[in-house]
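Hello,

Here is the structure I promised to pass on to you. Have a look at it first, and then read on for my notes.

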Amino acid sequence: MDWYLLLAAILLPALSAALCFIIKNQKVRIAVVSVSTLILFAVAGGFIALMINSPEGNIVFHLDEGILEVISWIIKGFDLLLFSYIAYVGLKHKKAIVFVLSVLQFIPWALFEVFGVFGKVFEPEKAFVIDNLALIMIMLVSIIGPIITFFATGYMKEHEHHMKLKVSRQPRFFMILFIFLGAMNALVMTDNLSWMYFFWEITTLCSFLLISHDGTEIAIKNGLKALWLNSVGGVAFIIAIIMVNSSLKTLSIQAISASGMQSVFTGMLPIALGLLCIAGFTKSAQFPFQGWLLGAMVAPTPVSALLHSSTMVKAGVYLVVRISPAFSGTILGQIVAIVGGVTFLGASAIAISQSNGKKVLAYSTIANLGLIICCAGIGTRISLAAAMLLMIFHAVSKGLLFLCVGTIEQEIGSRDIEDMQGLFKIMPFTTVITVIGMISMLLPPFGVLITKWLAIEAAVHQPLVLVCIILGSALTVVFWAKWIGIILTMSYKPKFYLEKLTVSMKASLVALITFVMAASVGIVPLYNQFVKPQVRAFKIADKQDLGGTGMGIWLHKVDTAVYGGFASILFFIIILALIVAIPIIANRIKPSRLKPPYLCGANTTDDEKGIEFISPGDKVESVVVRNYYMQSAFGEEKLTFWVNIVAGAIIIIMLGVVIGL
Amino acid sequence: MSINNILIAVIAIIVAPLLGGLLTGIDRRITARMQNRFGPPILQPFYDFFKLLGKQGIAVNQTQMVYVLGHLFFAIGAFVMFILQQDLLMLMFILAFSGVSLIIGAMSVRSPYSKIGAQREIMQMMAYEPVLLLMVVGVYKATGSFMISGILEHHQPLIFSLPLVFLSFLYVLTIKLRKSPFDFATSHHGHQELIKGLTTEFSGTQLALLELTDWFDLVLFLGLISLFFARPWWVGIIIALASYFAEIVIDNISARVTWQWMVKITWVVGIGAALVNIVWMYLIP
């Protein structure tokens with residue numbers, strides 16, 4: 001049973017990928033995607049069931065030495081293929097840095113893995129270990145990922161229609177999507193650092209292929225940017241692997257995570273951990289490596305949704321959270337927290353100046369990833385719980401929001417926030433879902449805010465980090481509130497008609513909004529079932545506890561005294577009351593009681609739109625109100641430069657510190 | 001949640017608006033006297049409230065009322081959290097929900113005045129939110145707890161350890177109560193460049209409920225002031241009332257400033273003062 005699940009999680013997406021690529025029929029492809037979606041749901045469900053029934057709180061897969069060796073060599077073979085392909089991409093597009101970074105990865109890899117120059121390679125015999133953290137990631141990848149893929153079946157048809165393609169490139173597109181999902185599943189399940197590196201590189205390559213999918217000049221340029229920035233992380237990763245191998249005498253990720261309590265935090269280990277963090281930063285688009293994620297929005301929307309929510313960027317934070325117990329409470333942890341905090345603050349500030357919807361989402365993603373990394377760096381039980389909860393909440397909400405913006409863009413032909421004025425009248429269905437998605441990103445009692453609150457309460461012992469989070473969260477409110485206000489702007493409309501969407505798009509939106517609500521309402525069981533056991537299993541010195549009892553989440557001191565808490569369920573009752581109130585209120589108002597808004601003169605027409613008025617001198621003036629974007633204070637070019645410098649400096653400081661330790 | 005708690009919450013929800021309305025009435029009377037006018041009766045806010053409730057319902061679109069209710073319900077929620085001595089930090093976030101709901105309501109209509117008022121309100125939030133959060137952090141550093149119950153159990157009044165935080169909180173209060181010089185989201189007087197800003201397009205019942213929310217907010221904030229002086233409780237209440245009087249004086253002696261100025265000063269002086277205070281709290285072992 002266990003083995004079937006494991007194979008299904010990794011190889012089924014590979015099989016679907018092959019099917020999508022070989023059979024070029026639209027209907028068959030939709031069938032393949034639908035069936036794979038259901039099977040992946042079942043796989044996630046199967047793992048949850050296994051975990052609930054497992055007494056130790058993890059599922060371990062042992063491999064015989066012989067099989068282990070064979071698989072290792074197979075992976076090494078694929079590794080070689082990957083390096084060659086990436087180098088080929090560099091040559092083909094005449095991008096020297098891609099080629100150079102690929103060679104820089106190949107040399108240490110070959111010396112270490114193939115020729116054994118750095119001593120024996122200690123491959124762990126537990127090839128796959130699934131604990132609650134891995135399970136959370138499996139849920140994100142195998143539930144949100146397929147939903148987005150399913151959405152893509154409807155979206156890509158429209159997309160190619162807009163692109164006026166003669167031959168559909170969808171087979172290639174869906175093949176890469178499925179490979180991506182399989183690689184992500186494998187990445188979070190394996191306990192072998194060098195195998196993880198292989199899957200890590202696959203996701204890097206897939207993201208290049210997906211971002212450059214449309215083949216336009218800008219798409220290829222941004223794809224290459226993603227490739228080379230992530231290759232920097234790859235170089236850091238391979239060097240870290242070599243150092244871990246020689247300092248800990250094992251490549252087991254669990255062993256790295258547990259090494260913090262064994263007081264071996266000197267020599268090569270801190271350097272290895274620092275490099276792994278840098279690899280995580282590149283993958284998670286932390287400043288100064290954020291460029292690739294912003295460029296990724298040229299890709300078709302499902303790609304951005306996938307990269308931003310459940311895959312790719314989550315791989316980076318997964319790695320950092322996974323190894324964070326090893327540096328919990330050390331100077332490295334503090335610096336990691338500061339890197340995350342600075343990114344959170346910087347990205348939130350820049351988001352204010354953006355009027356491009358996708359870009360706002362991208363900066364918000366970067367900010368939230370920063371917060372996760374910040375929590376991982378703080379390294380207390382409460383902050384790690386906040387990090388894991390935020391991974392879940394952010395993935396569902398952001399996946400949803402990208403799909404929403406994609407849907408809106410196909411309808412109105414623009415992704416500019418200002419063009420979304422009055423969207424509620426055109427697309428009531430999508431608008432309501434979008435608004436709930438946005439509210440879930442910034443307001444209590446929804447999950448993301450709860451994690452922000454936990455983060456602040458956990459960060460009180462690190463003033464610098466604290467100030468970053470506090471200022472950042474104030475800025476967060478600004479850009480979301482502006483956007484929500486715009487799309488809800490409307491004049492009177494007697495009757496609403498739901499817009500027509502393809503079944504796959506509609507179903508995906510409904511499924512994701514259900515998950516958003518379910519996760520936030522069910523935060524207590526979610527925490528108790530998946531996060532709490534993991535936090536307790538982490539080997540860290542801090543013993544303050546976070547309890548999920550009654551109506552909400554409560555912070556306990558070591559002596560179990562409560563020093564903070566929030567009964568979130570009670571506030572959902574208010575939200576529910578409001579949701580029930582909406583149709584009642586909307587229907588109660590009689591059309592005769594509706595008036596146009598006050599303008600600076602007589603309104604031109606009697607209808608309730610209120611867009612034009614007659615100014616003194618009998619001229620007809622139209623009213624245009626735009627949001628504040630405050631380019632002079634929060635302009636992208638201006639701030640990016642400074643935040644990059646600050647973040648870059650901190651990372652160099654981090655390297656200096658770990659080398660000096 | 002015990003029966004006792006529910007009872008306390010219900011009583012508080014009934015008493016708070018009475019108190020808030022009364023205070024607003026006194027505010028109007030004092031303001032009138034300062035301006036050499038006689039002023040309305042103390043109970044005028046209640047008369048206004050019921051008159052507004054009785055008005056014909058006129059709206060610009062069907063959804064406005066939803067946001068007004070959101071504004072009110074979450075303000076009440078925050079107030080109840082205060083009464084039941086819950087987490088102070090979360091209370092601030094709940095208040096933020098209330099504020100955002102009003103902003104969205106104001107932006108939901110096509111009126112330029114309402115929209116500009118909403119934009120300015122967002123700027124206000126951006127300015128005061130960090131100060132409120134820093135205040136909570138200061139309280140934690142002093143008492144070791146985020147729960148309001150923890151503050152009340154603390155052995156000495158907070159003002160001794162957090163004087164600067166208190167001052168910046170008072171400063172922020174002027175913004176939060178939309179008093180002059182920071183009344184640029186909804187101006188006091190209806191015939192200026194902004195008409196009534198944020199509240200231009202609300203009328204009748206909606207306006208009445210906005211008024212009610214303001215009363216809840218007023219009582220909540222005076223309550224937060226008194227937390228700094230808690231034990232004995234009557235000192236806290238006297239100081240809170242004195243602070244409110246100070247707000248009224250400031251309201252009457254100052255002219256409106258621009259929002260750019262406000263954001264700058266609040267971020268530099270407000271956050272600065274609170275931070276200085278918190279830094280020394282960190283240095284005390």
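**What I found**

Let me begin with a loop: A:K94 sits between helix 3 (65-92) and helix 4 (96-114) of chain A. The phi of A:K94 is near 55 degrees, a positive value in a residue other than glycine. As background, most residues other than glycine have a negative phi, and most peptide bonds are trans. Please keep in mind throughout that this is a predicted model.

**Cis peptide bonds**

There is a cis peptide bond from A:F287 to A:P288, with omega near 0 degrees. You will find A:P288 in the loop between helix 10 and helix 11 of chain A. In chain B, the bond from B:S180 to B:P181 is cis as well, with omega near 5 degrees. B:P181 belongs to the loop between helix 7 (163-176) and helix 8 (204-227) of chain B.

**Two domains in chain A**

Chain A splits into domain 1 (1-254 + 269-324) and domain 2 (328-588 + 626-661). Taken over C-alpha atoms, the centres of domain 1 and domain 2 of chain A are 24 Å apart. Where they touch, domain 1 of chain A contributes 44 residues and domain 2 of chain A contributes 53 residues. On the domain 1 side, the elements giving two or more residues are helix 5 (132-163), helix 10 (268-283), helix 11 (291-295), helix 12 (301-308) and helix 13 (313-327) of chain A. Helix 5 of chain A gives the most to that side, with 14 residues. By class, the domain 1 side of chain A has 27 nonpolar, 14 polar and 3 charged residues.

**A helix pair worth a look**

Helix 10 of chain A also packs against helix 14 (residues 331-352) of chain A: their axes come within 11 Å and cross at roughly 15 degrees. Angles under 35 degrees count as roughly parallel, so helix 10 of chain A is roughly parallel to helix 14 of chain A. The crossing of helix 10 of chain A past helix 14 of chain A is right-handed. From helix 10 of chain A, the contact uses A:P270, A:L273, A:G274, A:C277 and A:F281, while helix 14 of chain A brings A:L332, A:V336 and A:V339. That contact between helix 10 and helix 14 of chain A has 7 nonpolar residues, 1 polar residue and no charged residues.

**Where the chains meet**

The contact between the chains takes 51 residues from chain A and 55 residues from chain B. On the side of chain A that touches chain B, two or more residues each come from helix 19 (447-458), helix 20 (463-488), strand 5 and helix 23 (568-588) of chain A. Helix 20 of chain A supplies the largest share of that side, 14 residues. The residues on this side of chain A divide into 39 nonpolar, 7 polar and 5 charged.

**The sheets**

Strand 3 of chain A and strand 4 (residues 552-556) of chain A run antiparallel and are joined by 5 bridges. Here A:D545 stands opposite A:H556 in strand 4 of chain A. Strand 4 and strand 5 of chain A pair in the antiparallel sense over 4 bridges, and A:L555 has A:G564 in strand 5 of chain A as its bridge partner. Strand 4 and strand 5 of chain A form a hairpin with 5 residues between them, and A:T560 in the turn has a positive phi of about 65 degrees.

A further open sheet of 3 strands in chain A has the order 6-7-8, with antiparallel pairing. Its edges are strand 6 (602-603) and strand 8 (619-622) of chain A, each with a single partner strand, so one side of each lacks a neighbour in the sheet. Strand 7 (residues 612-615) and strand 8 of chain A pair in the antiparallel sense over 4 bridges. Within this pairing, A:E612 has A:S622 in strand 8 of chain A as its bridge partner.

Terms used: Residues numbered from 1 in each chain as written. Chains lettered and ligands numbered in written order. Predicted model: local features only at pLDDT ≥ 70, side-chain atom pairs only at ≥ 80, totals over all residues. Pairing = 2+ DSSP bridges. Domains from an automatic or database assignment. Contact = placed C-beta atoms within 7 Å. Nonpolar A, V, L, I, M, F, W, Y, C, P; charged D, E, K, R; others polar. Axes fitted to C-alpha atoms, helices over the stretch in contact; angles between N-to-C directions. Parallel < 35°, antiparallel > 145°, perpendicular 65-115°, else oblique. Left-handed = near helix turned anticlockwise from the far one by under 90°.
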